[in-house]
Amino acid sequence: MTTIPAAAPITEWDGFDFDTRQVHAGETPDLNSGLRVPSIAVSAGYVFDDFDDQVDRFAGRSGERIYSRQGNPTNTVAEARLASLEGGTAAVAVSSGQAAISSALFTLAGQGDHIVSTASVYGGTRILFGRSFKRFGIEFDYVWDADDDTEWERAIRPNTKAIYTETIPNPRSDVTDLRRIAEVAARYNLPVIVDNTVGTPSLIRPFEHGASIVVHSTTKFLTGHGAAVGGAIVDGGTFDWAAAERAGRSYPLITGAPRPGLGSLLDRFGNAAYAQAAREAVVNDIGPTLSPFNGFLLHQGMETLSLRMERHVESTIAIARWLEDQPEVELVDYAGLPSNPLYELAKRDYGADADGYGRTGSVFGVTVRGGIDGARAFVNGLRVFSRMTGIGDTRSMVIHPLTSTHATFAPEINEKLGITPGLLRLSVGIESVKDLITDLRGGLDRVAALEGSLVGAAR
């Protein structure tokens with residue numbers, strides 16, 4: 001009898017569809033025990049083969065690990081999977097979304113440097129920029145109208161090191177024109193860093209629109225169940241660091257030699273040099289390490305990303321449409337609605353459902369009547385929506401930005417950002433959309449009752 005050998009398992013998933021890669025990318029066969037699911041590697045360090053192996057690892061001549069502060073086998077699976085889904089060359093997993101933003105920017109900028117950001121970004125990010133980065137001597141300027149060349153010209157300086165933006169800023173779902181921002185950045189030889197936490201690679205891949213680097217709070221949609229804090233940086237591998245250097249934009253961690261006799265990371269790692277710089281020179285030094293257990297939950301969560309996002313978006317569109325018709329609602333900030341001024345951009349970059357509604361994620365703002373009293377009545381009337389900070393969970397959540405994420409901002413900043421007393425941020429989970437709408441109706445009934453009592457008192 002002729003024996004036909006079994007086909008070798010696939011380990012390189014380039015060219016496979018997104019839904020296949022989100023399940024398999026980054027995995028390699030376990031040769032010790034044949035485990036199908038990658039294990040949780042609980043080890044702080046790794047054994048050297050011999051004396052010279054230790055020398056080579058510390059000299060950067062070997063790709064093998066030294067210590068789990070730099071990398072861990074479990075986290076490596078999550079990193080490779082996310083890099084594949086985003087279409088990047090390499091990824092670095094870290095302990096939180098804030099750690100991802102900080103590490104991504106510290107790789108490019110230091111004391112005396114400057115970064116330009118679009119104005120509408122997550123409130124915690126603006127606090128990070130205005131407090132911790134300021135103390136470290138890195139300045140920020142904000143562009144309010146990304147279509148205005150004069151604003152960019154005023155903001156960008158000789159010491160500017162990057163442009164920072166988000167795909168879908170929360171709470172108002174005011175989607176960003178990444179192509180336009182990438183065009184500006186190219187004129188000034190600047191990398192574009194994009195936070196794709198709310199968009200996720202299931203809905204939009206910023207590298208396809210000209211981004212250079214992507215960051216995530218993996219706590220949210222990627223892990224997906226609100227059980228593990230984490231973050232990640234993804235290198236697009238497309239930014240020309242050498243050309244930027246020639247144009248006067250210096251990125252020494254990437255293009256400089258770390259020590260005599262050793263080439264730059266750009267020389268040694270090519271289109272993954274930025275990710276390696278973030279790993280070696282920032283994450284290793286500062287130490288925002290992702291635990292292997294959280295790395296395990298991350299790569300497990302990504303296996304079902306596209307399935308969950310379909311439900312998230314489908315329910316969100318139904319809820320946003322329903323909210324627009326409710327008399328207690330003043331405004332629904334969902335870019336996928338035809339009434340939204342960003343609707344055409346939303347359709348262009350995120351596609352549309354069968355009815356023509358843009359698929360711009362599941363985090364958006366709704367403004368109820370009655371100002372802060374109306375917001376309080378609405379929130380206190382909800383029973384299925386969880387009253388908590390966070391987004392991107394399987395559970396639906398609600399928060400009042402003016403008294404939470406934006407509580408420390410000056411009134412004039414909140415006014416420009418559209419953070420009003422009656423604005424609530426909703427993050428739509430994967431529960432029954434019928435039950436969610438019923439719950440929202442209960443909150444709006446409280447708003448109506450409040451207005452009725454105020455009218456009665458006025459009489």
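Contact here means that heavy atoms lie within 4.5 Å of each other. In this predicted model, N72 is in contact with A41, S43, Y46, R65 and P292, leaving aside its neighbours within four places in sequence. The model holds an open sheet of seven strands and an open sheet of five strands.

**The seven-strand sheet**

- The strands of this open sheet follow the order β1-β7-β6-β5-β4-β2-β3, and their pairing is mixed.
- At the edges stand β1 (90-94) and β3 (139-143), each of which pairs on one side only.
- On average, and with direction ignored, neighbouring strands of this sheet are turned by 20 degrees against each other.
- Strands of a sheet pair through backbone hydrogen bonds, either parallel or antiparallel.
- Strand β2 (residues 114-118) runs parallel to β3, and five bridges join the two. H114 has E139 of β3 opposite.
- Strand β5 (residues 192-195) is parallel to β6, with three bridges between them. Here V194 stands opposite V214 of β6.
- Strand β7 (residues 231-235) runs antiparallel to β6 and is joined to β6 by five bridges. V215 has I233 in β7 as its bridge partner.
- Helix α7 (residues 178-187) lies across β2, β4 (160-166) and β5. The direction of α7 makes about 180 degrees with that of β4.

**Strand β6 and its two faces**

- Strand β6 covers residues 213-217, and five of its five residues are buried.
- In a regular strand the side chains alternate between the two faces of the sheet.
- On one side of β6 are I213, V215 and S217, and on the other are V214 and H216. Both faces are covered, and these residues are all buried.

**The five-strand sheet**

- This open sheet has the order β8-β9-β12-β11-β10, again with mixed pairing.
- Its edge strands are β8 (329-333) and β10 (386-387), and each pairs on one side only.
- Helix α14 (residues 305-324) packs on the sheet and touches β8, β9 (363-368) and β12. The direction of α14 makes about 15 degrees with that of β9.
- Three bridges pair strand β11 (residues 397-399) with strand β12 (residues 423-427) in the antiparallel sense. The bridge partner of V398 in β12 is L426.

**Helix α12**

- Helix α12 (residues 273-286) has 14 residues. From its first C-alpha to its last, α12 reaches 19 Å, close to the 20 Å expected at 1.5 Å a residue.
- A bend of about 30 degrees occurs in α12 at R279.
- The helix is mostly covered, with 10 of its 14 residues buried. Among them are A273, Y274, R279 and N284.
- After α12 comes G287, which has a positive phi near 85 degrees.

**N72, in a loop**

- N72 lies in the loop between α2 (51-59) and α3 (73-86).
- The relative accessibility of N72 is 2%, so N72 counts as buried, the cut-off being under 20%.
- The N72 side chain reaches the backbone nitrogen of T74 at 2.8 Å.

**L82, in helix α3**

- L82 is part of helix α3, and is buried because its relative accessible area of 2% falls under 20%.
- Apart from neighbours within four places in sequence, L82 is in contact with P201, H216, L222, A232, V234 and M302.
- L82 and R387 are 305 residues apart in sequence, and their C-alpha atoms are 30 Å apart in space.

**K434, in helix α18**

- K434 is found in helix α18 (residues 433-458).
- Is K434 buried or exposed? K434 counts as exposed because its relative accessibility is 56%, and exposed means over 50%.
- The side chains of K434 and D435 are joined by a polar contact of 3.2 Å.
- Between K434 and S315 there are 9.1 Å in space, C-alpha to C-alpha, although the two are 119 residues apart in sequence.

Conventions
Residues are numbered from 1 along each chain as its sequence is written. This is a predicted model: local features need pLDDT of at least 70, side-chain atom pairs count only at pLDDT 80 or more; totals for chains, interfaces and linings use all residues. Side-chain values use heavy atoms; hydrogens and water are left out. Buried means under 20% relative accessible area, exposed over 50%, partly exposed in between (1.4 Å probe, protein chains only). Helices (H or I, at least four residues) and strands (E, at least two) are DSSP runs, numbered from the N terminus. Two strands pair if DSSP finds at least two bridges between them. A polar contact is a pair of N or O atoms within 3.5 Å; within protein, one must be able to donate a hydrogen and the other to accept it, and residues adjacent in sequence count only if both atoms are side-chain atoms. Axes are lines fitted to C-alpha atoms, for helices over the stretch in contact, and angles run from 0 to 180 degrees between N-to-C directions. The expected span of a helix is 1.5 Å times one less than its number of residues. The bend at a residue is the angle between axes fitted to the seven residues ending there and the seven starting there.
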